[in-house]
Amino acid sequence: MLDSIHQFFAGLAEQGWLPEMFGYSFLVNAFLASLMIGPLLGVLGTLVVVKRLAFLSEAVGHSALTGVSIGILLGEPTTAPWISLFAFSIVFALSLQWVRGRTTVPYDALIGVFLSFALALGAALLMVVAKKVNAHLVEQVLFGSVLTADSQDIVILFTMFVLITALAFKYSNKAYLTALSPEIAKSLRVKTKLHDYSFVLLIALMTVAAVKIIGAVLVGALLLIPAASARLLANNLKSMLAWSILIATSSALAGVLLPMYMQWAVATGPAIILVACVWFVFSISSHSFMRKKG
């Protein structure tokens, strides 16, 4: 099926309907990945901002480096250590949530402890991994490269897209109610603890799926910046969700296509985040203008 999509875009490029760069399969893969990753991070990012868990996404993102190192040491392919990557990130996120419910330590401090552990373990393992693989692999994990997305990456992203879209349609109201007012949610017999664990699990899964595209260091930024920008532009939750999806998706697409089209020597991961930051500046300016006008 992916070959048919490649041929479709190549045909449009040959006919002049699209720029010539769409004749390259790797760019089409990057385009498809951006179309899926933008809406997903936009939706989850809204919940991240509402629940005030921005630091959580950063911690899970950085834990991916440790997962990659473990996978390589266990003999997984250096370009796709998916089993260890998913396993470690999921265990990391769920353990954090489990400890949170059994301690009085403030959540931000607890996340800081877990983040420090993941970074320290990852740094220790990197010394061993560096002897076995090219150092550029570490750079790719940290900062991502959507232009290297292959069919396996597209399948993983598509699976996450279908899963999160289905869950959003079925449980979004309960999820937002749990985020905004846990007490009211409990009074309505919503299983708030289950929603909390599920949300943390989705953050871990989405982070891992996006690591190769955006990078472990930057994936948390694309969860946070569009949603933070949307909060400045929106006057209700529904509008905030729409703005977050729009900003995340447009940032992903522009970050991929602009450097390629303009032939700029800018990595796609940082380019995506820089476009999102432009959106944030625009949002601040618009918010300030509306406040003065009002």
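**Confidence**
- Among the elements of the protein, helix H11 (residues 237-262) has the highest mean pLDDT, at 89, whereas helix H6 (residues 135-143) has the lowest, at 62.
- Where pLDDT is low, the predicted coordinates should not be read in detail.

**Packing of H7 and H9**
- Helix H7 (residues 151-180) packs with helix H9 (residues 192-214) at an angle of about 155°, and their axes lie 11 Å apart.
- Because angles over 145 degrees count as roughly antiparallel, H7 is described as roughly antiparallel to H9, and H7 passes H9 in a left-handed crossing.
- The residues of H7 that meet H9 include Ile156, Leu157, Met160 and Leu163, while those on the H9 side include Leu202, Leu205, Met206 and Ala209.
- The residues of this contact between H7 and H9 divide into 13 nonpolar, 3 polar and 4 charged.

**Two loop residues with positive phi**
- Most residues other than glycine have a negative phi.
- Arg189, which is found in the loop between helix H8 (182-187) and H9, has a positive phi of about 65° although it is not a glycine, and it counts as exposed because its relative accessibility is 79%.
- Gln263, placed in the loop between H11 and helix H12 (268-293), has a positive phi of about 60° although it is not a glycine, and with a relative accessible area of 72% Gln263 is exposed.

Notes: Residues numbered from 1 in each chain as written. Predicted model: local features only at pLDDT ≥ 70, side-chain atom pairs only at ≥ 80, totals over all residues. Heavy atoms only, no water. pLDDT = per-residue confidence, 0-100. Helix = DSSP H or I, 4+ residues; strand = E, 2+ residues; numbered from the N terminus. Axes fitted to C-alpha atoms, helices over the stretch in contact; angles between N-to-C directions. Parallel < 35°, antiparallel > 145°, perpendicular 65-115°, else oblique. Left-handed = near helix turned anticlockwise from the far one by under 90°. Contact = heavy atoms within 4.5 Å. Nonpolar A, V, L, I, M, F, W, Y, C, P; charged D, E, K, R; others polar. Buried < 20%, exposed > 50% of the residue type's maximum accessible area, 1.4 Å probe, protein only.
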